Amino acid sequence: MPEDTRARQWTGTSVGLLLTLVLAAVVVTVLPDGGERDGGGCAPRTVGSWAEDDRLTAEFTRYGDDAGRADDWTGGDGTHSVRLPDGRLLWLFSDTYLGQVYGPPNPVGESYAWRDTTAPLVRNSAVLMRDGRLETTLPAPLFPDPAPNQWRWPVAARVEPRSPGSDEQVVRVLLWVRTAGQYPWIYGVPTATEVATLSLPDLRVESVTKVLDEQRVQDPSRRVLFGTTLVEDGEWTYVFGGDDGQAASRSASSAYVARVPEGGLAEPGAWEYWDGSAWTTGARPRPVLGDGRRTGVGSAFSVVRRDGTYVLFTMAAGAKGLAAVTSYWACSPTGPWHGPAKDFTAPLPQGQVAAYNPQAHPELGDDGRLVLSYDVNWLETAGASTQLNRNVSLYRPRFVTLRLVPGR
C-alpha cells in the first residue's frame with residue numbers, strides 16, 4: 001500500500017500546522033420547522049476555561065501500547081463515539097493501525113514506543129470501553145470494502161429504535177464511501193453516504209444501506225457526504241455533512257444538514273434535506289454555512305446542542321485554516337450560523353505534526369463540561385507512515401475538556 005494512502009486523512013480533513021480550537025455558543029429556542037426564535041435570551045457564549053484531559057489521552061496510550069495484545073488497535077484517526085444502552089462506549093475509527101507495539105528505544109535509537117513497518121493498516125475499526133477503560137477491539141475492519149478501490153470510513157453513530165416506534169434498539173453508524181482517485185483526490189473521491197445497522201448487545205453488522213449516492217454529481221468537489229456529526233433534538237436526528245471544496249482549491253468547504261425521524265436513519269426515503277428554504281426529499285441539499293472564502297468548514301467537523309444552542313467546531317477558513325479550528329453558533333441547525341469566534345491552543349506532541357478533526361463527545365461530559373477530541377498526524381505525506389511507526393504516539397486522539405460561559 002503506498003505511503004500517501006497509509007497516512008492520509010489529516011489533509012483531507014483540513015489539517016493545520018498547529019491546532020487552535022475556537023469555540024462559541026448561544027442560548028436559543030428552536031422552532032419545529034427549522035426556523036429560530038431568540039425568546040429574548042439568544043446571546044453568545046464562549047469557552048471560559050479549558051484543560052487537557054490527561055486521563056482519556058493516557059487511556060488510549062495504555063491500550064495502544066499494550067504489548068500483550070498481538071493484533072488490536074494501536075493507532076487511528078476519525079475519532080467518534082457512542083454510548084450503548086448497557087453503559088459501554090463504542091469508539092469508531094477510520095484508518096487504523098493494528099499489529100504489536102514494542103517498547104523504546106525504536107530501531108533508530110529514539111525513546112519512542114514503535115511498531116514494525118509491516119504492521120497492518122485497515123480502513124476502519126471499533127474499540128469498546130467500559131467504565132473508562134478500553135477493553136477490546138472488534139474484528140477489523142468492521143465494515144468491509146464495498147467494491148475494489150473503494151472503502152468505508154465510519155463517522156457519527158447513535159442508538160435508535162430499529163424502526164419508528166419500535167421497542168428494539170440498534171446502533172446506526174454513518175459511513176462515508178470513497179473511491180481511489182488521482183490528485184487532488186489522493187484521499188479518495190466522495191462517492192456515497194451509507195448507514196450500517198449493528199445489533200445489540202453483540203454489535204453484529206446486520207446490514208449496510210446506501211442513503212445518498214453522489215456518483216451522478218459530475219464535480220467531485222460538489223458531492224456531499226453526510227454523517228460527520230449527529231444531533232438529536234426531539235423526534236428528529238439532524239445529520240450534518242460537508243462537500244470537498246477544499247480539494248478543489250476553495251479555501252473552505254460548505255456545511256449541509258439533513259433530518260431523519262427517530263428510527264429512520266437506515267431508510268433512504270425518510271431523509272429530508274435542507275434546500276435553502278424548506279426540508280425536502282427531492283431537491284439537492286443547499287449549504288447552511290460556507291461562502292468558500294471567509295466562512296466554511298473542513299470535511300470533518302462536529303456539532304453539539306446545549307440548552308437549545310447549536311455549536312459547530314471545525315477547521316478555520318482561508319489561510320487561518322492552516323493553524324486554527326474555529327466555531328460557529330446558531331439558533332437552528334439550518335442557521336443562520338454566526339462566527340467565527342476566539343480561539344485557544346491545544347497541546348501537540350513534538351515533531352512535524354498537525355492536528356485535525358475536532359469531535360465533541362457529549363456522552364463523556366458532566367457538570368457543564370464538554371469533552372473534545374482531536375486527531376494528530378505527521379505533517380508531510382511523504383514518509384508519514386515511517387514516522388507513525390517509529391513513534392506510535394503520533395497517530396492517536398488527544399482530548400481536552402471545556403467549559404462554556406456567557407460571551408460578548
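Is Arg158 buried or exposed? I looked this residue up first. Arg158 is buried, at a relative accessible area of 6%. I note at the start that I am working on a predicted model.

**Entry: the Arg158 pair**

I checked the side chain of Arg158 for a charged partner. I found Glu232, in a salt bridge with an N to O distance of 3.4 Å. Arg158 belongs to strand E15 and Glu232 to strand E19 (residues 225–233), so this pair ties together parts 74 residues apart in sequence. I then looked up the cover on Glu232. Glu232 is partly exposed, with a relative accessible area of 47%. Arg158 is under the 20% cut-off for buried.

**Entry: strand E15 and its neighbours**

I followed E15 next. This strand spans residues 150–161 and pairs with E16 in the antiparallel sense, over ten bridges.

How many residues of E16 are buried? I get nine of eleven, so I log the strand, residues 169–179, as mostly covered. E16 also pairs with strand E17 (residues 189–198). That pairing is antiparallel too and runs over nine bridges. Here I noted Val171, whose bridge partner in E17 is Leu198.

**Entry: other salt bridges**

I went through some of them.

Arg284 and Glu214 meet through their side chains at 2.6 Å, N to O. The pair links distant parts of the chain, 70 residues apart. Arg284 sits in the loop between strand E23 (279–280) and strand E24 (302–306). Glu214 sits in the loop between strand E18 (205–213) and E19. I compared the cover on each. Glu214 has 1% relative accessibility and counts as buried. Arg284 has 38% and counts as partly exposed.

Which residue does the side chain of Glu110 meet in a salt bridge? I found Arg390, at 2.9 Å, N to O. This pair also links distant parts of the chain, 280 residues apart. Glu110 is in the loop between strand E10 (101–102) and strand E11 (114–115). Arg390 is in helix H4 (residues 384–390). Glu110 is partly exposed at a relative accessible area of 26%. Arg390 counts as partly exposed as well, at 24%.

**Entry: a network**

Arg162, Glu168, Arg204 and Glu206 are linked in a network of them.

Key. Residues numbered from 1 in each chain as written. Predicted model: local features only at pLDDT ≥ 70, side-chain atom pairs only at ≥ 80, totals over all residues. Heavy atoms only, no water. Buried < 20%, exposed > 50% of the residue type's maximum accessible area, 1.4 Å probe, protein only. Helix = DSSP H or I, 4+ residues; strand = E, 2+ residues; numbered from the N terminus. Pairing = 2+ DSSP bridges. Salt bridge = Lys/Arg side-chain N within 4 Å of Asp/Glu carboxyl O.
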